[in-house]
Amino acid sequence: MSKESIALKEKEVAEIVGKIKRAKSVILIDYRGITVFDDTRMRNALRAEKIEYKVIKNRIMLRAFNATGYAGFDKTLEGPTAVAFGYADAVAPAKILTETAKKLNKMAVKGGVAEGRKLSVADVMNLAKMPPKPVLVGQLLGMLTSPMRSLAVALAEVAKKKA
């Protein structure tokens with residue numbers, strides 16, 4: 001292997017390391033059997049959510065994971081692998097890829113990383129079931145304001161009875 005080739009691979013690994021560090025989630029998927037039409041639709045859905053989707057050589061991806069401290073991806077990175085980097089939302093890549101895999105019945109989720117933690121296939125499936133961040137924020141705000149609302153209603157009822 002020439003020095004140029006090694007330098008190019010090292011540069012590519014460094015670029016992927018940067019993407020892994022910036023991403024809130026990195027989802028790995030086996031894309032075997034997917035048609036060009038389905039792949040284009042899936043890529044459009046990912047692009048709409050600002051998710052970067054690429055096919056990266058397994059050895060390059062493995063070196064990048066090892067360089068960022070995520071070990072144990074040796075078996076996961078066998079066979080064709082595509083990678084989705086979710087920079088804005090940790091849930092969106094898992095949701096889109098698992099829905100596409102379920103609908104097409106051809107792709108398979110392989111695992112990934114989210115918020116600094118290695119994910120198994122089951123973890124990615126559970127992540128995909130989570131509601132989007134705005135919904136979670138709304139639910140939290142509803143839970144926080146519920147006691148105040150109940151108190152306000154109770155005080156209003158007491159005021160009505162005295163009047």
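Mentor: Let us begin with a term. A salt bridge is a side-chain nitrogen of Lys or Arg within 4 Å of a carboxyl oxygen of Asp or Glu. Please keep in mind that this is a predicted model.

Trainee: Which residues are linked in a network of salt bridges?

Mentor: Side chains of opposite charge can pair when their charged atoms come close. Here, Glu15, Lys19 and Glu52 form such a network. Lys19 meets Glu15 at 3.6 Å, N to O, and the closest N and O atoms of Lys19 and Glu52 are 2.4 Å apart. Because Glu52 belongs to strand 2 and Lys19 to helix 1, this second pair ties together parts that are 33 residues apart in sequence.

Trainee: Is Lys19 buried or exposed?

Mentor: Lys19 is buried, its relative accessible area being 8%. Glu15, at 40%, is partly exposed, and Glu52, at 22%, is partly exposed as well.

Trainee: What separates Lys19 and Glu15 in helix 1?

Mentor: An α-helix has 3.6 residues a turn, so residues three or four places apart point the same way. Lys19 and Glu15 are four residues apart in helix 1, about one helical turn. In helix 2, Asp39 and Arg43 are likewise four residues apart, and they form a salt bridge with closest N and O atoms 2.8 Å apart.

Trainee: Why is helix 4 described as largely enclosed by the rest of the structure?

Mentor: The reason is that 10 of its 14 residues are buried. Among them are Val91, Ile96 and Leu104. The buried residues of helix 4 pack against several elements, including strand 1, helix 2 and helix 5.

Technical notes
Residues are numbered from 1 along each chain as its sequence is written. This is a predicted model: local features need pLDDT of at least 70, side-chain atom pairs count only at pLDDT 80 or more; totals for chains, interfaces and linings use all residues. Side-chain values use heavy atoms; hydrogens and water are left out. Buried means under 20% relative accessible area, exposed over 50%, partly exposed in between (1.4 Å probe, protein chains only). Helices (H or I, at least four residues) and strands (E, at least two) are DSSP runs, numbered from the N terminus. Contact means heavy atoms within 4.5 Å.
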